[in-house]
Amino acid sequence: MKLDIVISGVGGQGSVLASRVLASAGMGLGLDVRTSEVIGMAQREGSVTSQVRLGEKLYGATIPDHEADILLGFELAETVRAVPKLKPGGAIIASASAIVPVSVQLGISSYDQKAMQQYLREQPGRVVLLDLEELAKKAGHPKTGNVIILGALSTLPGLPFEPEQLLQAVLSYIPEKLQNTNKRAFEVGRQSMEVA
Amino acid sequence: MTLKLLMGNEAIAYGAVEAGVQVASAYPGTPSSEILSTLAGLALEKGFYAEWSVNEKVALEVAAGAAYAGARALAAMKQVGLNVASDPLMSLAYIGVKGGLVLVVADDPGPHSSQTEQDTRLFARFAKLPVLDPATPREAKEMTRYAFELSEKLLLPVILRPTTRTCHACQDVEIQDTTAVPQPVSGFQRSPNWVIFPNLSARKHVWLNGQQEVARESFENSPFNQLTINEQSDVGIIACGVSYNYVMEALQLTGLEASVLKIGTPYPLPAGPVLQLLQHAKKILVVEEQEPVVEDQVIALAWKTRSTAQISGKYDRLVAREGELNVNKVRAILENFCGRQPHSIEAAVPPELPLRTPVLCAGCSHRASFYILKEAARGKDTLFAGDIGCYTLGAMPPLNTTDTCLCMGASVSIAAGLSRVEPHRQQVAFLGDSTFFHSGIPGLINAVHNGANITLVILDNSTTAMTGHQPHPGLNRTAMGPTDQSINIARMVEACGVEFVRVADPFDLKAALQVAKDALAFAGPAVVIMQRECVAQINKGRHRRINPDLCTECGACIDELGCPAIGKPAGQPEILENCFGCGFCNQVCPVGAIEEV
């Protein structure tokens, strides 16, 4: 058994928490786990990538290019940026909306949202683009995008853990007063996959 | 034993606790910072002392003092921090220690968040100190425990050198449920051997050279080095630290066969396992990041033993000397080395991606300070010397207020140097509060004493922000808890002899701009302290909005500030959800169109 997951987004979106949740869910099953992040200045609104590896015998913490089984994207362009990590036919669950960087406001670079979505839809594996902002409103908290995507992930076939196990791993990282909001977010993520 | 998901840096901290560390010190720096933050969190409960020191030199000296008295001590820093600590380090190798002293130096090949890609293994060799290079968080913890024992055996500091991919990787790591009982400290014993006179150094140098062989012997049967002979192959691979992971995974992916020697003790390199591999393999490939530290020693061993094996690595440019390795790079290296067709995957060309470099947070007071200094200097030919911290981002557009950045504390001295040859230009230097204490003070004293005509702006946000909000001597808290021994920056600056010292609030544009103009007009060193707490440390203020009836779409708010909370999602400037409510943009707007919600 081997499961490599790449999580891409913008600093501050909760990708580190998502990677810890996945790793602890894997640990609960007695699997070897690794995560890798670049921490520091990149977190200031920069591109961030987390990598999670679960398996029977693991070496390094970083996933080779074209080897990840699943790509979770918290932001549209950052999902496109991480596609080279994904194996041919790997699954993508990502936010359809953009966080436009300052460089675009200043006219230094450009952001073509339609072209990004189109490119993702043309990938050979299963691709689900979610209206994450709308779903977060449904969950009742703007910062639950990461848990919504984990909920969506839990519906994919072939995962080593049951949805309930992943939810428990989520809740183990969440303070008491936000438990219900995050349970709801996880469920909203699961439901979003039924209609997608 | 409990299994816990630990980051490499946390694993190192737990290793030190299990070894009974009594004193721990550090200055923060990516990727090393979480080592001491974890230790500080455990210190009271486990009964040891931890401190954020003012800089790395001081951190190492504090740890050395504790080890002189027989305590187990740990000092942690990033690789460029070791440059600051190199003075005590080089001498400490001659003097030696009594209690175990482990110096953790986190390297950053890439580099991801550093000024250099220097290799601490090479520094260890230069200082004549043993160095351990962990491949995983689990191994980092085991090595930390072992490093204390080795240090006490050799009476030398031992360096543990993890890299970013171990420091910031998480793994399932076993930790002990019971707390180690620290050894009773034998106490400092007076002896001429603690006083480094030249005649002592001459004797100790001979001793130090002899200890290299003792260290090498200690590594001969170390579990951190592992040789796996593959009888089917005449290829041998020697891999050091995290490179071992990449080699093993690349072998799996390619199906290539090779004997593999994993090295966890790169200096001094044990001869036994290398000679065994040299006897078996005809072709040797050494895979290590950065400098050929292992490769050089392997070549020397092969030469001495008249081995005919072909040795490849850095010198035939198969393995890059710059940047980070990864599985893909190592795979290509192996395929090249074994004469196999390189593996490639065809992929559709993605659409053009937007640049997303880090920017100052929405509501960051540094943005206001940079804007104010630029405004104050308008019409004057001005150079801006920057320094290390979040505020290095002042170099990015549209702020463009950082013309130089070299190393911690350099801004004030670089500005002073520039002023000697370009007196017709205004020289402005920026320093963060933590950087001021770290190494900015000597430069300021120097500027005062030698009469340099510069303006120093201290960006005081009451924290060490970039590395994760560690305290510094200007604050009323230490690593262990609250203190009333905080040092006032303005009084410190006055005590350095500066005649023009003003404190300003960067979010009060009018008043702060006047202060900045006065400082620039002052002949001789002038200091402005821009005081505002880091936004990551405080609660949000009142959200702003742009009144569309008043906005002329001049673009000043976007083009002057580059704030991530101002955008044009629908074509006109708008304040976005992530507004922090700092209230600076409404002072910059020329028509007063930005208002509180």
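Helices (H or I, at least four residues) and strands (E, at least two) are DSSP runs, numbered from the N terminus.

Before going on, a word about the model. This is a predicted model, in which local features need pLDDT of at least 70 and side-chain atom pairs count only at pLDDT 80 or more, while totals for chains, interfaces and linings use all residues. Residues are numbered from 1 along each chain as its sequence is written, chains are lettered from A and ligands numbered from 1 in the order in which they are written, and side-chain values use heavy atoms, with hydrogens and water left out.

**The sheet within chain B**

Two strands pair if DSSP finds at least two bridges between them. Strand 14 of chain B is joined to strand 15 (residues 426-432) of chain B by four bridges, and the two run parallel. In this pair, L383(B) stands opposite Q427(B).

**Where the two chains meet**

Now turn to the interface. Here 51 residues of chain A are in contact (heavy atoms within 4.5 Å) with 55 residues of chain B. The buried area is about 4500 Å², and carbon and sulfur atoms give 62% of it. Buried area is the accessible area (1.4 Å probe) that two parts lose on being put together, summed over both.

Between the chains there are three salt bridges, a salt bridge being a side-chain nitrogen of Lys or Arg within 4 Å of a carboxyl oxygen of Asp or Glu. One of them links R356(B) with E78(A), whose closest N and O atoms are 2.5 Å apart. Which element gives the largest share of the side of chain A that touches chain B? Strand 2 of chain A does, with six residues.

An open sheet of eight strands has the order 6(A)-5(A)-4(A)-1(A)-3(A)-2(A)-8(B)-1(B), with mixed pairing. Strand 6 (127-130) of chain A and strand 1 (2-7) of chain B stand at the edges, each with a single partner strand, so one side of each is left without a neighbour in the sheet. Strands of a sheet pair through backbone hydrogen bonds, either parallel or antiparallel. Strand 2 of chain A and strand 8 (residues 169-175) of chain B run antiparallel, joined by three bridges, and T35(A) stands opposite C170(B) there. Within chain A, strand 1 (residues 2-10) and strand 3 pair in the antiparallel sense over nine bridges, with L3(A) opposite L54(A).

Helix 1 of chain A packs on this sheet and touches strands of both chains, among them strand 2 of chain A and strand 8 of chain B. The direction of helix 1 makes about 0° with that of strand 3 of chain A. Helix 4 of chain A lies across strand 5 (86-95) and strand 6 of chain A, at about 150° to strand 6.

**Backbone details in chain B**

|---|---|---|
| T30(B) to P31(B) | about 10° | between strand 2 (23-26) and helix 2 (34-46) of chain B |
| G110(B) to P111(B) | near -25° | between strand 5 (101-106) and helix 6 (120-127) of chain B |

L155(B) has a positive phi of about 60°, although L155(B) is not a glycine. L155(B) lies in the loop between helix 7 (137-154) and strand 7 (158-160) of chain B.

Note on methods
Axes are lines fitted to C-alpha atoms, for helices over the stretch in contact, and angles run from 0 to 180 degrees between N-to-C directions.
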